[in-house]
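Hi,

Here is the structure you asked to look at. Please open it alongside this note; what turned up follows below.

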Amino acid sequence: MALRELHLHHFRNIEQQKLQFSSDLNLIYGANGSGKTSLLEAIYYLSTARSFRTSNHRRVVQEGSRSLTLFGVVTDPVRGSLRIGLEREPGDANGVRLQRNGEAVRSVSELARLLPVSVIEPGTFELVAGGPGNRRRFLDWLVFHVEHWFSGVWQEAQRALKQRNHLLRHGIIDHSSIGPWNARVAELGERLNQGRQAGFDRFYNEFESIRARSQAEWLNSVSLAFSPGWDSSNGLASVLESNLEAEARAGFSLYGPNRADIRVRVGKQPAGEVLSRGQQRSLVVLMKLAQMRVLQSVGCEGICLLDDIHAELDGENQALLAGELLALNTQVFLTGITAPNEGALGHLMHKHEPAMFHVEHGRFTEQ
């Protein structure tokens, strides 16, 4: 899987650009604010129809423009060459328009399957110290690409939870009103839990494999465990029924798939409260690498976006990242203020023939 060509129109500070990429390594460098992160953001946006930097779609449309357009050519060993496109006009009630080979696509998930994108950027390092939502999204992204049924069940569960929360917020907990929604949330929650548990098991096996190759002794004290969001010794239906009054007081669902988490601990304490900032970054890199290895193990090669990572990681962690990326043999996009000709990540250049781009004021020049 590789993104070989990208056309950008009115995305951030990029007015119009057509770029052709290497299927291995792509280096993008330039001063802060020049547009290098915007390129990675555009690739991510083409896959997911959203940004990893903001939830406000208007902010990604170039100032003075009404809409943005992205068009990419993806090469796949099974499907061959695919043309995918996206147009968004934030003021349009219909939202985003998607295309595949010139035909309309109804769901963003269809593009996401064609272009799996994993990003490691400064905000990613909140995966360990941040809230459970970060880790839940991390796991769900993996399961989405491994189990094709997962997306539909997840969407149905979100709708059911929304209805149930509406009733809880208004204190409506009589059986005739909330009973059907308890049953629906329980049914969908159990199905999501099965997919998440299986996905976590795959992820954990890959994580252990990478941990065994690491030289960091502190990693031996770190434990990872999946929590479904309720006491799994009891069925979710029973848990929801027995906690109705407490949930009505809270005004939302306290138990269920919306509370799932990957618990990352050192001993009995949350890892974010014990590990140093550098150790947390190391752990996040290992978790992201394990995530990508799971995709590769099921024949789904993703694209890796690394935003200014050599400024965030020390030499040891750069070496670990570079070595694992080489083993994955995946397409990589790497940004920096200067081209990484030296250091551990610079070793990637000696193993590949990279495409290199310099960016200034939203204009990219291939070097």
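**Loops with positive phi**

His 361 counts as exposed, because its relative accessibility is 67% and the cut-off for exposed is over 50%. Bear in mind that this is a predicted model. His 361 sits in the loop between β14 (355-360) and β15 (363-366). Its phi is positive, near 55°, and His 361 is a residue other than glycine.

Arg 12 also deserves a look. Phi of Arg 12 is near 55°, again positive in a residue other than glycine. You will find Arg 12 in the loop between β1 (2-11) and β2 (14-20).

**Helix α5**

Next, α5, which covers residues 150-169.

**Helix α10 and its neighbours**

α10 has 21 residues. From first C-alpha to last, α10 reaches 30 Å, close to the 30 Å expected at 1.5 Å a residue. Just after α10, Gly 299 has a positive phi of about 80°.

Take α10 (residues 277-297) with α11 (residues 315-328). Their axes are 11 Å apart, and the packing angle is about 0°. The two helices are therefore roughly parallel to each other, since angles under 35 degrees count that way. On the α10 side, the contact uses Gly 278, Ser 282, Val 285, Leu 286, Leu 289, Met 292, Arg 293 and Gln 296. On the α11 side, the contact uses Asn 317, Leu 320, Leu 321, Glu 324, Leu 325 and Leu 328. By class, the residues of this contact of α10 with α11 are eight nonpolar, four polar and two charged.

Now α10 with α4. The axes of α4 and α10 come within 10 Å and cross at roughly 10°. That makes α4 roughly parallel to α10. From α4, the contact takes in Phe 138, Trp 141, Leu 142, His 145 and Val 146. From α10, it takes in Met 287, Lys 288, Gln 291, Val 294 and Leu 295. Seven residues of the contact of α4 with α10 are nonpolar, two are polar and one is charged.

Asp 261 lies in strand β10 (residues 261-266). Is Asp 261 buried or exposed? Asp 261 counts as buried, because its relative accessibility is 13% and buried means under 20%. The side chains of Asp 261 and Arg 135 are joined by a polar contact of 2.8 Å. Leaving out residues up to four places away in sequence, Asp 261 touches Pro 132, Arg 135, Ala 225, Phe 226 and Ser 227.

Glu 241 belongs to helix α7. With a relative accessible area of 43%, Glu 241 is partly exposed. Glu 241 and Gly 302 are 61 residues apart along the chain, and their C-alpha atoms are separated by 41 Å.

Best wishes

Terms used: Residues are numbered from 1 along each chain as its sequence is written. This is a predicted model: local features need pLDDT of at least 70, side-chain atom pairs count only at pLDDT 80 or more; totals for chains, interfaces and linings use all residues. Side-chain values use heavy atoms; hydrogens and water are left out. Helices (H or I, at least four residues) and strands (E, at least two) are DSSP runs, numbered from the N terminus. The expected span of a helix is 1.5 Å times one less than its number of residues. Axes are lines fitted to C-alpha atoms, for helices over the stretch in contact, and angles run from 0 to 180 degrees between N-to-C directions. Angles under 35 degrees count as roughly parallel, over 145 as roughly antiparallel, 65 to 115 as roughly perpendicular and the rest as oblique. Contact means heavy atoms within 4.5 Å. Ala, Val, Leu, Ile, Met, Phe, Trp, Tyr, Cys and Pro count as nonpolar, Asp, Glu, Lys and Arg as charged, and the others, Gly among them, as polar. Buried means under 20% relative accessible area, exposed over 50%, partly exposed in between (1.4 Å probe, protein chains only). A polar contact is a pair of N or O atoms within 3.5 Å; within protein, one must be able to donate a hydrogen and the other to accept it, and residues adjacent in sequence count only if both atoms are side-chain atoms.
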